Amino acid sequence: MTNPVSALIRRLRGQAGSAAAAGSGTGAPEHHDKPIVFVKELSPRARRHLMRHFLALEEKDRLLRFGSKLSDEMVARYVEHIDFDRDTVFGVYDRRLRLLGVGHLAFAPKETTRISGATIKPVVAEFGVSVSAAARGLGVGTRLFMRAAMRCRNADVDTLYMHCLSSNKVMMHIAKKAGMEIHRDYGEADAYLKIKPANSATMFQEAMEEQVAMLDYIVKANFKALLKWGVRVTGIGAAKKDTGPPPPP
């Protein structure tokens, strides 16, 4: 049976996506045989989920995400110092409310970046993404990138920048698929995407996708709470350790 929420999203994306995504340089058609990916904007209350996601990354994946082999202590420090007032963090949750993917969109004065000459705007955005091993190949990283590009467009930021190791095939694939200009130097790569101005379609699409992602999160949280209640009442599955209630959206 088709999920009505998923069907609605696909229909609306088909109507608004060609204009909005193409203007962001991410207009590649989506493959509808893959499960739909809901991208939700995260708040400071999600730090616990972020911590679990990053600590669960294998050593090689931490290297690709951060450009160096961060210790658990350094990962914890990174999560604790994310500035949610300045930056935007997106996440993709599974049915158990574990983060499958995280996209960090950091805004900074153009003079502090390596591509200051690529824009006349005072601010550029840098994007970093990580995807759990269990979610590879599902388009999670691409959807996170597209959502980040949409946020840049609606925030009047015309340059989206990524810096990563040249060996990061996933990031390189996302960059090439989006039509980003890539510069390689000493084993590292800088890529940036020029983004067109916002319009009513892009504003509507971002608001719609966030609302549906919020609805998806609430449904999953309520279902998890119902399962916990069932365990307490019946005792079935009580031997399994519970991870506690999810933080509020």
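1. Let's begin with Lys121, which is partly exposed, with a relative accessible area of 24%. Here buried means under 20% relative accessible area, exposed over 50%, and partly exposed in between, with a 1.4 Å probe and protein chains only. Lys121 forms a salt bridge with Asp156, and the closest N and O atoms are 3.0 Å apart. This pair links distant parts of the chain, 35 residues apart: Lys121 sits in the loop between strand E3 (99-109) and strand E4 (123-131), and Asp156 in the loop between helix H5 (140-154) and strand E5 (159-165). A salt bridge is a side-chain nitrogen of Lys or Arg within 4 Å of a carboxyl oxygen of Asp or Glu.

2. A word on what you are looking at. This is a predicted model, in which local features need pLDDT of at least 70 and side-chain atom pairs count only at pLDDT 80 or more, while totals for chains, interfaces and linings use all residues. Residues are numbered from 1 along each chain as its sequence is written, and side-chain values use heavy atoms, with hydrogens and water left out.

3. Leu97 is another non-glycine residue with a positive phi, of about 60°. Leu97 is found in the loop between strand E2 (88-93) and E3, and at 3% relative accessibility Leu97 counts as buried. As background, most residues other than glycine have a negative phi.

4. Now for the overall layout. The protein chain has seven helices and seven strands. From the N terminus on, its elements run α-β-α-α-α-β-β-β-α-β-α-β-β-α. Helices (H or I, at least four residues) and strands (E, at least two) are DSSP runs, numbered from the N terminus. Of the 249 residues of the protein chain, 46% count as buried.

5. How many salt bridges are there? The count comes to 13 salt bridges. One of them joins the side chains of Asp72 and Arg62, at 2.7 Å from N to O. Asp72 lies in helix H4 (residues 72-80) and Arg62 in helix H3 (residues 59-66), so this pair ties together parts that are 10 residues apart in sequence. Asp72 is partly exposed, with a relative accessible area of 47%, whereas Arg62 is buried, with a relative accessible area of 8%.

6. Helices H5 and H7 are also joined through side chains. Arg147 and Glu210 meet in a salt bridge of 2.7 Å, N to O. Arg147 lies in helix H5 and Glu210 in helix H7, so the pair ties together parts that are 63 residues apart in sequence. Arg147 and Glu210 are both buried. Elsewhere, a network of salt bridges links Glu41, Arg151 and Glu206.

7. Glu209 is also in helix H7, and at 8% relative accessibility Glu209 counts as buried. The side chains of Glu209 and Arg143 are joined by a polar contact of 2.7 Å. A polar contact is a pair of N or O atoms within 3.5 Å; within protein, one must be able to donate a hydrogen and the other to accept it, and residues adjacent in sequence count only if both atoms are side-chain atoms.

8. Helix H7 itself has 35 residues and reaches 51 Å from its first C-alpha to its last, close to the 51 Å expected at 1.5 Å a residue. That expected span is 1.5 Å times one less than the number of residues. Asn199 caps the N-terminal end of H7, with a side-chain oxygen 2.9 Å from the backbone nitrogen of Ala201. Just after H7, Gly235 takes a positive phi of about 80°.

9. Where do the two cysteines Cys152 and Cys164 stand? Cys152 counts as buried, at 0% relative accessibility, and Cys164 counts as buried at 6%. A search of the whole structure finds zero disulfides, a disulfide being a pair of cysteine sulfur atoms within 2.5 Å.

10. Finally, strand E6 (residues 181-185) holds Glu181. At 40% relative accessibility, Glu181 counts as partly exposed. The C-alpha atoms of Glu181 and Tyr192 are separated by 5.5 Å, with the two residues 11 apart along the chain.
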